[in-house]
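Please keep the sequence and the model in view while reading.

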2 protein chains.
Amino acid sequence: MSFYPIPAAITVPQGFRAAGVFCDIKRLGTGKGSDKGPKRDLCLIVSDLPAAVAGLFTTNKVCAAPVKVSISRANGDYAQAVVANSGNANACTGLIGLRDAKDMTELAGKELGLSSRSILVCSTGRIGVPMPMDNVRAGIQACAKMLDYSPEHGHEAAEAILTSDTHAKEVAVELKLGKHKIRIAGICKGAGMIQPGMSCNAKRPAAIPLHATMLAFLTSDAAIEPRALKDALNEAVAHSFNRITVDGDMSTNDSVIILANGMARNPIITKSSRLMGNRLLFQKALNYVTLELAKMIVRDGEGVSRFVTVRVSGARSFADADAAARAVANSALVKTSWCGGDPNWGRILDALGYSNSHIVEEKIDVAYSKPGSTRMLFAVKKGQPTRTSFRTLCSLVAEKEFDLHINLNLGTSEAVIYTCDLTEAYVDFNKGDVSNPSALGG
Amino acid sequence: MSFYPIPAAITVPQGFRAAGVFCDIKRLGTGKGSDKGPKRDLCLIVSDLPAAVAGLFTTNKVCAAPVKVSISRANGDYAQAVVANSGNANACTGLIGLRDAKDMTELAGKELGLSSRSILVCSTGRIGVPMPMDNVRAGIQACAKMLDYSPEHGHEAAEAILTSDTHAKEVAVELKLGKHKIRIAGICKGAGMIQPGMSCNAKRPAAIPLHATMLAFLTSDAAIEPRALKDALNEAVAHSFNRITVDGDMSTNDSVIILANGMARNPIITKSSRLMGNRLLFQKALNYVTLELAKMIVRDGEGVSRFVTVRVSGARSFADADAAARAVANSALVKTSWCGGDPNWGRILDALGYSNSHIVEEKIDVAYSKPGSTRMLFAVKKGQPTRTSFRTLCSLVAEKEFDLHINLNLGTSEAVIYTCDLTEAYVDFNKGDVSNPSALGG
């Protein structure tokens, strides 16, 4: 590999400071954030210099106020900071919500001595509740005072964006572009309402996904032209965050933002660079960071007990391969069968049959393998069960992670979706507790 | 009403005999069908005279062998019997399965003294397992000997098609066409893998549903032209079976079949009859029977604790209204919120936002009501929460049945979907028991 993982924190690229604080955005009463003391719920990520910016956002037609504010800023060339909170999604909050989202960037700008136009904003949490702006104001002021370059403060930021996640998600890599050492770091959150379908212009990408709130923030000290950065992020997200589904629900708040401040002083990567040399090295490293983060979201999905990579090949087109993979990955019956360790290929064929993909029953092959292995155990060949014993298939599906291979044998297109099982724990978690409305997720 | 419900059995229209037997199609060993003794798993429904026939079948591209056999026979004008079994879906069974399905009609024809071409066949149960034809043969022979006109034998047939259903589903009505007393009866099964999207020609109907095995058999002694009967069944299914979803999974085996033998001797209803008078009366009665049966399937869905009628109005087109209603009805997060009695409108707006329907967030109204009531409690007006208290909304959603009203306020089109919550019991039921493969559903 041309890059290598390093101890992760959003602050490891040069010139990035971060911090995360608790300001009680859920208004639970100070100190009651969790059993272990208050959980951080607001963070700032700040570049010392103006940074090239790119962002991709949910294509849900009901989109949150911070998404509306951040889309236009991410479509500009440069930005310098992100302010983000958990506990309140600022979605379905109308004009007041829009004003609050803008005010969050104003407040952060004032504390940081930056124009609010150079600041992006993201929120995740409960839908339809006004932002508690007094708490947010105090949080931004406190957070700005805490900012520094340490990994510990990076971890705090990663913690502050979590909702139903069980742990923080951080990845970082280092690579060499000629003599110059470049770093890329990322943090994200996910857990439920997860089938992102993000785009930079509210038009759905070719592969249309369905939902969850996921937020991801990426930093790099690479020198890269804004237009080249936007292309690179599109490419990376198309193969990572837009390839995952936990429950098929696309959120109102999905956002991925990258800031690249050029402090590594490498020869600038431009859009006209051919996709080789430095541009290719940067892309590969970025792809790695986003894919690792995306898989972390699925593995830490609400109630998840199994991580499954669905690989469809032999489709007539990418759209067909994608539709087939998503039908299987989002089928309630397929997902529950995995929960029980049941390699139920009948339900898989059923889901392929009602997908919008071209399929011919008599041509379909279905196999399971260990993750990444090419040693496949075929359950179905040409639409018919093989002689592989049920016990043998069960032994693979009993594992916490496995791959499902579906060959439609109709063409040469492929698609992969990273998904999980559907468990009683997911239902239990999401059915909420109506006796405690503040605990209900968005 | 121009018709009235009567004690139900598939045999109540004149000239229909039925029976149901246990022939151990799951090969559990005789007598072990259930704790309460063997559960019937094969039935025959036979008309004394050739009957006008109509049928609608799954549009899943992976469709079971009996569906392939029955489609062509239902597209003919007349038929005289149906043979059906539970325990084995005869799906993904290749050429052997196709031969077995035809053989089932041959065997029934031989016992009944009818051409196999006048007999339709349906199966439901596990996918990918060859039909145990020795058992089936013995079952058909035994069943043919049991046939009679009694309601008890009708009930046996209704019992024989059940899989994970907790009870038999039977409806019958009587109506007067002039001096002539007409009866329409129906039985069905459902429970899981339920979002039928049935058509008479394997092309998807305008409203595309997604999945479950549901079977429904209807009998009538009305005199009606085959082409008029086909139109009537299309109309009835469009507003009933094709409007339900339990888990969004469209089955390989969904089938609805009607036989109308004319023994009531009413003046024949023809396709050229205007849709008034007798033709309209028949249609209304048939609509009632199919809708009652369809609702029974949802109420008895796997693990269901709440029955929800999703009514979308104000859409630009029927396709939009349908897409919006299905997105909400199939959202894992919306369904789990109902399971907890949580009127979570945020998840509802989220699902509307990622549906393929045209929506404008700022125009959407969302309300709950008691079933069929016009007294609505608004949760959302113009995309924003109302002042209706959370407690008040909870009190409605705590009920076993309620209506959800969504007005998109963009047009005049409407759609309704009958659905249910997603519970831990659904997951528990469907995750199967890999230590007992014979217990695993299709």
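## A strand pair in chain B

Over five bridges, strand E12 (residues 365–369) and strand E15 (residues 401–407) of chain B pair in the antiparallel sense. Two strands count as paired if DSSP finds at least two bridges between them; helices (H or I, at least four residues) and strands (E, at least two) are DSSP runs, numbered from the N terminus. Within this pair, B:Ala367 stands opposite B:His405 in E15(B).

## Basis of the description

The model is predicted: local features need pLDDT of at least 70 and side-chain atom pairs count only at pLDDT 80 or more, whereas totals for chains, interfaces and linings use all residues. Residues are numbered from 1 along each chain as its sequence is written, chains are lettered from A and ligands numbered from 1 in the order in which they are written, and side-chain values use heavy atoms, with hydrogens and water left out.

## The open sheets

Strands E12 and E15 of chain B belong to an open sheet of six strands, in the order E14-E13-E12-E15-E11-E16, with mixed pairing. Its edges are strand E14 (384–385) and strand E16 (413–420) of chain B, each of which pairs on one side only.

Chain A also has an open sheet of six strands with mixed pairing, ordered E14-E13-E12-E15-E11-E16. There, strand E11 (residues 307–315) of chain A and E16(A) pair in the antiparallel sense over seven bridges. The bridge partner of A:Phe307 in E16(A) is A:Cys420.

## Relation of the two chains

Two copies of a chain are related by a rotation about an axis and a shift along it. The same surface serves both copies, as 100% of the contact residues of chain B recur in chain A.

## The interface

Contact, defined as heavy atoms within 4.5 Å, links 64 residues of chain B with 64 residues of chain A. The two chains bury about 5000 Å² between them, 54% of it on carbon and sulfur atoms; buried area is the accessible area (1.4 Å probe) that two parts lose on being put together, summed over both. In chain B, the residues that lose the most area to chain A are B:Lys61, B:Tyr354 and B:Glu424, together 12% of what that side buries.

Between chain B and chain A there are six salt bridges, each a side-chain nitrogen of Lys or Arg within 4 Å of a carboxyl oxygen of Asp or Glu. A salt bridge joins the side chains of B:Glu361 and A:Lys68 (3.8 Å, N to O). Helix H8 (332–339), helix H9 (345–354), E14, helix H10 (390–397) and helix H11 (424–430) of chain B each supply at least two residues of the side that touches chain A. H9(B) gives the most to that side of chain B, with seven residues.

## The setting of B:Lys230

B:Lys230 is found in helix H5 (residues 226–238) of chain B. Leaving aside neighbours within four places in sequence, B:Lys230 is in contact with B:Val53, B:Ala54, B:Ala74, B:Asn75 and B:Gly76.
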